[in-house]
Amino acid sequence: MKRVLKLKKIFATVLAIVLFTLYLTPPVMAAKADDLSQLLKDNWCVSFLWKQCDLSAVDLRGANLQEANLSGANLSGANLSGVNLKNADLSGADLSGANLANADILGTNLSRSNLTEANFNGTKLWDANLTLANLTRANLKEANLLDSRLWGSNLTEANLTEATLHGADLQYANLADSNLTGADLHSFFFRGSKQVTNLSNANLEGAILTGANLRGAVLAGAIMPDGSINEEIGFNLK
């Protein structure tokens, strides 16, 4: 009898510890349906502390998410083609494998975001903040990155074929093995103000520059496709 009571006490103690632990341990991830509902209703769904906004693989084609707050959200594999993301906050978000083809990303904050293998084909990224973003193997074919900030971003093996990069800041960006065929990176004048594409200290080793226009672009200290370090301020490639 004493043994049975002792076992019951031990069981009760263990059960109390388990329940107490579960009570104190917050959920790892919020429900996707709730997060999607919150986004569509309030135009925000952010991740903080233990709660992660889970919108992975969601289909939001053509949605209006202008000025939405999705900081730190999980949007991996999401379909965001044609979405209006003007001035939205996607800093630190996971958009790996997401489809953002023909989306409007004017002035959007994508700093520190994971954009690995994301599709930006024909996307407007004017004045977008892509500082320290991971764009490894991203598809940026015919994307418009006018005046975008790509300082320290990782563009390894990215497809930038015929992309527009007028006035983009690519200082310290890694463009190793990227495809810049027909890309336009030259400096230009707009309303009397000169916009300079800055590739200083960028890594272009192994990059394909066939037909790219880098007239007037700043390449001081950049690692060129052949591995040499450019010592000139400007560079001209027709």
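**Group meeting: a walk through the model**

Okay, so the protein chain has 2 helices and 4 strands; helices here are DSSP runs of H or I with at least four residues, strands are E runs of at least two, and both are numbered from the N terminus. Keep in mind that this is a predicted model, where local features need pLDDT of at least 70 and side-chain atom pairs count only at pLDDT 80 or more, while totals for chains, interfaces and linings use all residues. Residues are numbered from 1 along each chain as its sequence is written, and side-chain values use heavy atoms, with hydrogens and water left out.

Going from the N terminus, the order of elements is α-α-β-β-β-β. Of the 238 residues in the protein chain, 41% are buried, meaning under 20% relative accessible area with a 1.4 Å probe and protein chains only; exposed is over 50%, and partly exposed is in between. The accessible surface is about 12200 Å², with 55% of that belonging to carbon and sulfur atoms; that's Shrake-Rupley with a 1.4 Å probe.

Now contacts, which means heavy atoms within 4.5 Å. Taking the contacts with a separation of 6 or more, 18% are between residues 24 or more positions apart.

Let's zoom in on the loop between α2 and β1, where Leu-60 lies. Is Leu-60 buried or exposed? Leu-60 counts as buried because its relative accessibility is 7%. Leaving aside residues up to four places away in sequence, Leu-60 touches several leucines, including Leu-36, Leu-39 and Leu-40, and also Asn-79 and Val-83. Its C-alpha sits 8.9 Å from that of Gly-82, 22 residues apart along the chain.

Ser-81 is in the loop between α2 (32-42) and β1 (188-190) too. At 19% relative accessibility, Ser-81 counts as buried. With residues up to four places away again not counted, Ser-81 touches Arg-61, Gly-62, Asn-99, Leu-100 and Ala-101.
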